[in-house]
Amino acid sequence: MLNVVAAKIRESINETFKEAYVKESQEPSALRSSMDVIENSSLESVKVENETALNTNETVLGINETKVEQIEKNREDGANREEQAFEALKNEFPEEDGYKIEREQYLRDENGNIVKDPETGEARRMDFVVTKDGKVVKSIEVTSETAPKDAQIAKEERIRDAGGNFIKDRDTGQLVEIPKDVQTEVRRYP
């Protein structure tokens, strides 16, 4: 009889712990909110979250499908803006006049190492860098008409202050210095 009572008590305790765990895991916390922001910032994590939600909650699934669709649309819109910018740059800086348009270039130091922002630990990849005669003449950031770019430009300035003033020419492998007077121009497209 004592074994039956002990088993009932153990079962009751297990149920109490399960309920407390479920309740605690559903309550928002500062750490959980921060983690949610980080996790939801990439398409892959949203897809994983969708797979998990499929087994737990149909409402969340619908919300996450909307997030995935929005991320995909943003990615497509961004690629379209970059193509618009590339076409405009080819007209503005023609190859036959000696210009070269480099896409997606990391800021590097004088040894060719990618430099990271001392504040965020992140590298900076320039959308377009235009060179002529082995010298950078223009740096361009392409974005939407409404996206804020102040934080990204500030990150770039910190990286440049930390020595990230070079790009690598993809054809020659040579480093090309970005002069101090060349600041990134933000070009906005619909």
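The model is a predicted one. Glu92 is partly exposed, at 38% relative accessibility.

**Along helix α4**

Stay on helix α4 and select Glu87 and Lys90, which lie three residues apart, about one turn of the helix. They form a salt bridge whose closest N and O atoms are 3.1 Å apart. Glu87 is partly exposed, with a relative accessible area of 40%, and Lys90 is partly exposed at 36%.

**The sheet**

Next, show the strands as a cartoon. Four of them form an open sheet of mixed pairing, ordered β1-β2-β3-β6. Strands β1 (99-106) and β6 (185-189) stand at the edges; each has a single partner strand, so one side of each lacks a neighbour in the sheet. On average, neighbouring strands here are turned by 30° against each other, direction ignored. Zoom in on β3 (residues 135-144) and β6, which pair in the parallel sense over five bridges. Select Ser144 to find its bridge partner in β6, Tyr189.

**From β1 to a loop**

Move to Glu102 and Arg170, a salt bridge with its closest N and O atoms 3.8 Å apart. Glu102 is in strand β1, while Arg170 is in the loop between β4 (166-168) and β5 (175-177), 68 residues apart. Glu102 counts as buried, at 4% relative accessibility. The structure holds 16 salt bridges.

**Aromatic rings**

Turn now to the rings; the structure holds two aromatic pairs. Select Phe86 and Phe128, a stacked pair at 6.0 Å centre to centre with 10° between the planes. Phe86 is in helix α4 (residues 58-92) and Phe128 in strand β2 (residues 125-132), so the pair ties together parts 42 residues apart in sequence. Phe86 counts as buried at 17% relative accessibility, and Phe128 counts as buried at 0%.

Then select Phe93 and Tyr99: their ring centres are 5.1 Å apart and their planes at 70°, so this pair is edge-to-face. Phe93 is buried, with a relative accessible area of 10%.

Finish with two charges over rings. The charged end of Arg103 sits over the ring of Phe86, 4.5 Å from its centre. Lys132 lies over the face of Tyr99, 4.7 Å from the ring centre.

Methods:
Residues are numbered from 1 along each chain as its sequence is written. This is a predicted model: local features need pLDDT of at least 70, side-chain atom pairs count only at pLDDT 80 or more; totals for chains, interfaces and linings use all residues. Side-chain values use heavy atoms; hydrogens and water are left out. Rings of Phe, Tyr and Trp (its six-membered ring) pair if their centres lie within 6.5 Å; planes under 30 degrees apart count as stacked, over 60 as edge-to-face and the rest as tilted. Helices (H or I, at least four residues) and strands (E, at least two) are DSSP runs, numbered from the N terminus. Buried means under 20% relative accessible area, exposed over 50%, partly exposed in between (1.4 Å probe, protein chains only). A charge sits over a ring if NZ of Lys or CZ of Arg is within 6 Å of the ring centre and within 35 degrees of the ring normal. Two strands pair if DSSP finds at least two bridges between them. Axes are lines fitted to C-alpha atoms, for helices over the stretch in contact, and angles run from 0 to 180 degrees between N-to-C directions. A salt bridge is a side-chain nitrogen of Lys or Arg within 4 Å of a carboxyl oxygen of Asp or Glu.
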